[in-house]
Each structure stands twice: as structure tokens, then as C-alpha cells.
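Open the model in your viewer and keep the selection tool at hand. The stops below say what to select next and what is there.

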Amino acid sequence: MKMRIWLERAVVFLFLCLAFSSPTLQLDQDFKDSAAARPLKQVEENVHEVHCSRERSRAAWQIIEEYLMPFVEKERYQISPTCRLHPDNDLYRDQEQHKFHLDVNEWQCGYCKKKFYEEKYLDKHFDNRHYDLLNVSNSRCLADICGALHCDLMLDSTVRKTKCNPAAAARNQHLCESLANSCFPVIEGPSASRLHEIFLRQFCDAHTCTGNRKPFSKGHRKRTSITYIAISLLILMTVPLFYVFVYLYQRGIKRGSQELKRISRNERKKKPY
């Protein structure tokens with residue numbers, strides 16, 4: 001009898017345990033399912049996210065164009081596509097080439113011809129509407145070499161006053177020298193050797209905390225501004241007008257003197273003797 005009662009109590013106890021543990025098991029399973037689904041959802045939401053600064057990539061390309069390419073063009077040197085300075089290794093190069101600055105407050109998308117008041121809105125338009133035109137298959141972020149190229153000076157001139165970090169300077173110098181070795185191998189000939197030396201002087205030597213070396217010491221490409229073009233056109237239009245005015249003025253004086261001479265002669269002829 002006691003055994004029967006004990007068995008009945010054991011069965012009731014097991015039933016109660018299962019009844020209370022089922023919701024807990026279900027909650028645990030739901031939590032696991034939710035945790036498994038969350039990363040997938042985050043991936044789907046961030047599918048258009050590109051971890052590459054467009055602003056710093058643009059600054060890096062401006063520096064390459066202004067402070068390096070004049071020397072490369074002078075040497076008629078072809079930069080290898082494996083070089084990180086090559087245009088094909090700029091993630092945003094194609095989009096930047098389809099950006100048109102029509103007026104002071106007018107920017108146009110070269111893909112769909114839509115216009116914007118500021119460049120930053122055009123950049124957002126590229127990110128949202130023309131993301132599919134980016135070649136994200138390879139890691140080609142030009143901003144990654146900004147440290148070697150002194151992009152901070154291009155973006156903010158006040159960075160010159162900040163305290164120098166020796167570790168960061170050494171790291172950037174190492175990256176800079178690696179670029180010089182990979183893009184302009186001295187074994188390729190005199191042109192590559194000269195460009196290798198120019199690159200070291202132009203960019204790498206300034207990565208020091210002594211303050212004795214300045215970046216871009218070899219000079220840069222002269223920019224042709226809109227103001228300069230307008231002034232030049234104005235001068236070209238004014239000079240011919242000036243000469244025409246001088247010519248007409250001298251002609252008028254000459255004609256006036258001839259008239260005076262003719263009048264004086266006529267008066268002499270009419271004088272009675």
C-alpha cells in the first residue's frame with residue numbers, strides 16, 4: 001500500500017515538473033531562434049554598407065593627382081594595376097568620374113542626370129541609388145593608405161598644430177616606403193628609380209616628429225581655377241578693345257589736325273592784299 005502511494009506521488013511530481021519546465025524550454029528555444037535570426041537580419045539591413053570612407057578616399061586621390069602624377073607623366077611611366085595608387089584600386093573612382101559640378105550650388109549625377117545643391121547630397125545619392133555600380137568584390141579602399149599620403153593635411157590644415165605621435169609616424173613611414181617599393185621598383189629601370197626617390201622625398205620623409213621635413217616638398221600640379229580663366233578671358237577681350245580705342249583716338253587727332261590745316265589754308269587764301 002505504501003509502495004503504491006509512493007509511486008502515485010512520484011508520478012504526480014514528475015508531471016508537475018514537466019508542466020512547469022515546458023514553457024522554460026520553449027522560451028529557451030525561442031531565444032535561440034531569435035539569436036540565430038538576428039545576425040541574418042543585420043546582414044540584410046547592412047547589405048549596402050561599405051566600410052570605406054568616401055571623403056578620405058577622395059582626399060587620397062586628390063593628393064595622388066596633384067603631388068604625384070605630374071612626375072609620373074613627366075617620366076611617361078605606367079603604374080602597375082597591382083600598385084595601390086593605380087586608379088583601378090579606388091573603390092569610388094567610377095562614381096567620382098560621374099560627378100559634375102555645373103555651378104556653385106549645382107551638382108549633377110552622371111548616371112541618371114539628377115541634380116543636387118551640395119556635393120554631400122550627391123554622395124548620399126550614389127550610396128543609395130547607384131551602389132550596384134561599386135566593385136566591392138575586392139578590398140580596394142584608397143582611404144586605407146591615407147596615413148602614408150598625409151590626407152589629414154588635405155582635409156584639415158589645423159592638423160599641423162597637433163602633437164606628433166612617434167608610433168603613428170613610424171607606422172605611416174613604413175606604409176609609405178612599402179608603397180614606394182611596390183609601385184616604383186628600382187629594378188625596373190631609371191624612370192622607376194627616379195620616381196621611387198621622388199615618392200620618398202615627396203611623402204615618406206615627412207613622417208617624422210622632428211619637424212624638419214615637410215610633405216609635398218617636390219611641388220605640385222598647378223590648379224586652373226575658374227577665376228583665373230575668367231580673368232584671362234577678360235584680359236583677352238579688353239586688350240583688342242584698348243588697341244582699337246587707341247587707333248581711333250589717334251586717327252581722330254590726325255583728322256582734326258588735318259581739318260585745322262585746311263581751315264588755316266582757306267583763311268590765308270581769302271585774305272585781301
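**Stop 1: helix 5 and its cover**

Contact here means heavy atoms within 4.5 Å. Helices (H or I, at least four residues) and strands (E, at least two) are DSSP runs, numbered from the N terminus.

This is a predicted model: local features need pLDDT of at least 70, side-chain atom pairs count only at pLDDT 80 or more, and totals for chains, interfaces and linings use all residues. Residues are numbered from 1 along each chain as its sequence is written, and side-chain values use heavy atoms, with hydrogens and water left out.

Now select residues 119–129, which make up helix 5; Leu122, Asp123, His125 and Phe126 are buried there. Buried means under 20% relative accessible area, exposed over 50%, and partly exposed in between (1.4 Å probe, protein chains only). The four lie on the same side of helix 5, because they cover an arc of only 155° around the axis. That arc is taken from the directions from the helix axis to the C-beta atoms. An α-helix has 3.6 residues a turn, so residues three or four places apart point the same way.

Stay in helix 5 and pick Asn128. Asn128 is exposed, at 56% relative accessible area.

**Stop 2: helix 8 against helix 9**

Select helix 8 (residues 166–183) and helix 9. How do their axes cross? They come within 9 Å and cross at roughly 165°. Helix 8 is therefore roughly antiparallel to helix 9. Axes are lines fitted to C-alpha atoms, for helices over the stretch in contact, and angles run from 0 to 180 degrees between N-to-C directions. Angles over 145 degrees count as roughly antiparallel, under 35 as roughly parallel, 65 to 115 as roughly perpendicular and the rest as oblique.

Show the side chains. Helix 8 brings Cys176, Glu177, Leu179, Ala180 and Asn181 to the contact, and helix 9 brings His196, Phe199 and Leu200. By type, the contact residues of helix 8 with helix 9 are 5 nonpolar, 2 polar and 1 charged. Ala, Val, Leu, Ile, Met, Phe, Trp, Tyr, Cys and Pro count as nonpolar, Asp, Glu, Lys and Arg as charged, and the others, Gly among them, as polar.

Next, go to Val186, in the loop between helix 8 and helix 9. Val186 is partly exposed, at 46% relative accessibility. Leaving out residues up to four places away in sequence, Val186 touches Ser193 and His196.

**Stop 3: two positive phi angles**

Most residues other than glycine have a negative phi. Select His150, in the loop between helix 6 (146–149) and helix 7 (151–155). His150 has a positive phi of about 65°, although it is not a glycine. Is His150 buried or exposed? His150 is buried, with a relative accessible area of 11%.

Then select Phe216, in the loop between helix 9 (190–202) and helix 10 (226–270). Phi of Phe216 is positive too, near 65°. Phe216 is buried, at 15% relative accessible area.

**Last stop: the whole chain**

Zoom out. The protein has 10 helices and 3 strands. Of its 273 residues, 27% count as buried.
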